[in-house]
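I wanted to look up ring contacts and strand pairing here.

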Amino acid sequence: MSQVLDGILKKTIEEDFTVNTEYVSERVDIDNREEEFSIQLNYSNGVNVDMVIKLEASVDGENFSEITDSDQNITDSTGTHIYDIAGSGVIYIRVKIEVNTGSIDIDKLIYSGKRRH
């Protein structure tokens, strides 16, 4: 019996916080997603910004590895980065920001995709 596609897996972190040292988001369980999913990061109020956003993935939720070629440079004071990711066998994903210099305010971090039940 096939599973029914019934909605959108969506998790949003909407509280503003400042990143000025390495930041790693909480892990998000994406196990019930259907194929593709996306991640959007909105930021503002950057000062002297030189940072790199990376995605990390895990099967067990404890040991994470960087997703190859996921690096996105942040050098502007305000912006949005979106990852659109094709099917994957991982169960957990998280966002990591490495700070070379400066600070930014994270306004929103959204994980979104279709899911099956």
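**Rings, charges and strands**

I began with arginine 94, which lies over the face of phenylalanine 64, at 3.9 Å from the ring centre. My rule for a charge over a ring: NZ of Lys or CZ of Arg within 6 Å of the ring centre and within 35 degrees of the ring normal. The charged end of arginine 27 sits over the ring of tyrosine 92, 4.7 Å from its centre.

A note on ground rules: this is a predicted model, local features need pLDDT of at least 70 and side-chain atom pairs pLDDT 80 or more, while totals for chains, interfaces and linings use all residues. Residues are numbered from 1 along each chain as its sequence is written, and side-chain values use heavy atoms, leaving out hydrogens and water.

Next I checked confidence (pLDDT, the predictor's per-residue score from 0 to 100). The protein chain has a mean of 86, with 85% of its residues at 70 or more.

I found one aromatic pair. Phenylalanine 17 and tyrosine 23 have ring centres 5.1 Å apart and planes at 40°, so I logged the pair as tilted (centres within 6.5 Å; under 30 degrees is stacked, over 60 edge-to-face, the rest tilted).

Then strands (DSSP runs of at least two residues, numbered from the N terminus; two strands pair with at least two bridges). E5 (residues 33–58) pairs antiparallel with E8 (residues 79–85) over seven bridges, and tyrosine 43 stands opposite glycine 79 in E8. E5 also pairs antiparallel with E7 (residues 72–74), over three bridges; there isoleucine 53 partners glutamine 72.

Methods:
Phe/Tyr/Trp six-rings, centres within 6.5 Å; stacked < 30°, edge-to-face > 60°. Helix = DSSP H or I, 4+ residues; strand = E, 2+ residues; numbered from the N terminus.
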